[in-house]
Every structure is written in structure tokens, then in C-alpha cells.
Amino acid sequence: MIEEGQQRGELEGDGPEEIGLTLYATVLGITTMLNSGMIESARLEGLVGTAVTQFLRGARPAEPH
């Protein structure tokens, strides 16, 4: 999916592995916060949705292709 997004000009970055790892680390961080009790489970879906949305918005090229 990451490679497809790069081919369509929706994502930029050095390689799909870097993008995937960064997104995975973000979601893993949220999961760790949930499992450690820092956040309640009712917030999980919203936090993951926000994180993915912000990640994709921030990963867009500065100039549309």
C-alpha cells in the first residue's frame, strides 16, 4: 500500500520500509500507552485514527504531482 501511495504521488519518502516503520512505531506507541494504563481503551480508536490521518497529511509531498 505504501509503494502504491508513492507511485500515485500521495506519499513521499526514501523508501516504503522507512514510512512503514515510522507508522508502525506510532501505532505501537499508542498501544504501549494503552497497555500501560496511560490512556483508557475508549480512546484507542480515535487516537489511532487521528495518528494515521496526521501521518498521511504530513507525508504528502509539498507540491501535488
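Tutor: Helices are DSSP runs of H or I with at least four residues, strands are DSSP runs of E with at least two, and both are numbered from the N terminus. On that basis the protein has three helices and zero strands. Read from the N terminus on, its elements run α-α-α. The model is predicted, so local features need pLDDT of at least 70 and side-chain atom pairs count only at pLDDT 80 or more, while totals for chains, interfaces and linings use all residues. Residues are numbered from 1 along each chain as its sequence is written, and side-chain values use heavy atoms, with hydrogens and water left out.

Of the 65 residues, 18% count as buried (buried is under 20% relative accessible area, exposed over 50%, partly exposed in between, with a 1.4 Å probe and protein chains only). The protein exposes about 5,000 Å² (Shrake-Rupley method, 1.4 Å probe; for residues, only the protein chains shown count as cover). Carbon and sulfur atoms supply 55% of that area.

Now the salt bridges. The rule is a side-chain nitrogen of Lys or Arg within 4 Å of a carboxyl oxygen of Asp or Glu. By this rule the count comes to two. One joins the side chains of E4 and R8, at 3.9 Å from N to O. The other links R8 to E10, with the closest N and O atoms 2.8 Å apart. Shared partners join E4, R8 and E10 into one network. How accessible is each member? R8 is exposed, at 51% relative accessible area. E4 is partly exposed, at 46%. E10 is partly exposed too, at 40% relative accessibility.

Next, the surface patches. They are made of residues with over 30% relative accessible area and no salt bridge; like charges are joined within 9 Å, nonpolar side chains (Val, Leu, Ile, Met, Phe, Trp, Tyr) within 5 Å. E3, D14, E17 and E18 form a negative patch (Asp and Glu count as negative, Lys and Arg as positive, and His and the chain ends are not counted; a charge is placed at NZ of Lys, CZ of Arg, CG of Asp or CD of Glu). Of these, E18 sits in helix α2, which covers residues 16-35. A nonpolar patch consists of L21, Y24 and L28, with about 330 Å² of accessible area together. L28 also belongs to helix α2. L28 is partly exposed, with a relative accessible area of 41%.

G13 lies in the loop between α1 (2-7) and α2. G13 is partly exposed at 47% relative accessible area. Leaving out residues up to four places away in sequence, G13 touches Q6 and I19. Its C-alpha atom is 10.0 Å from that of I2, eleven residues apart along the chain. L34 is in helix α2. Beyond residues up to four places away in sequence, L34 touches I39, E40, S41 and L44.

Conventions
Contact means heavy atoms within 4.5 Å.
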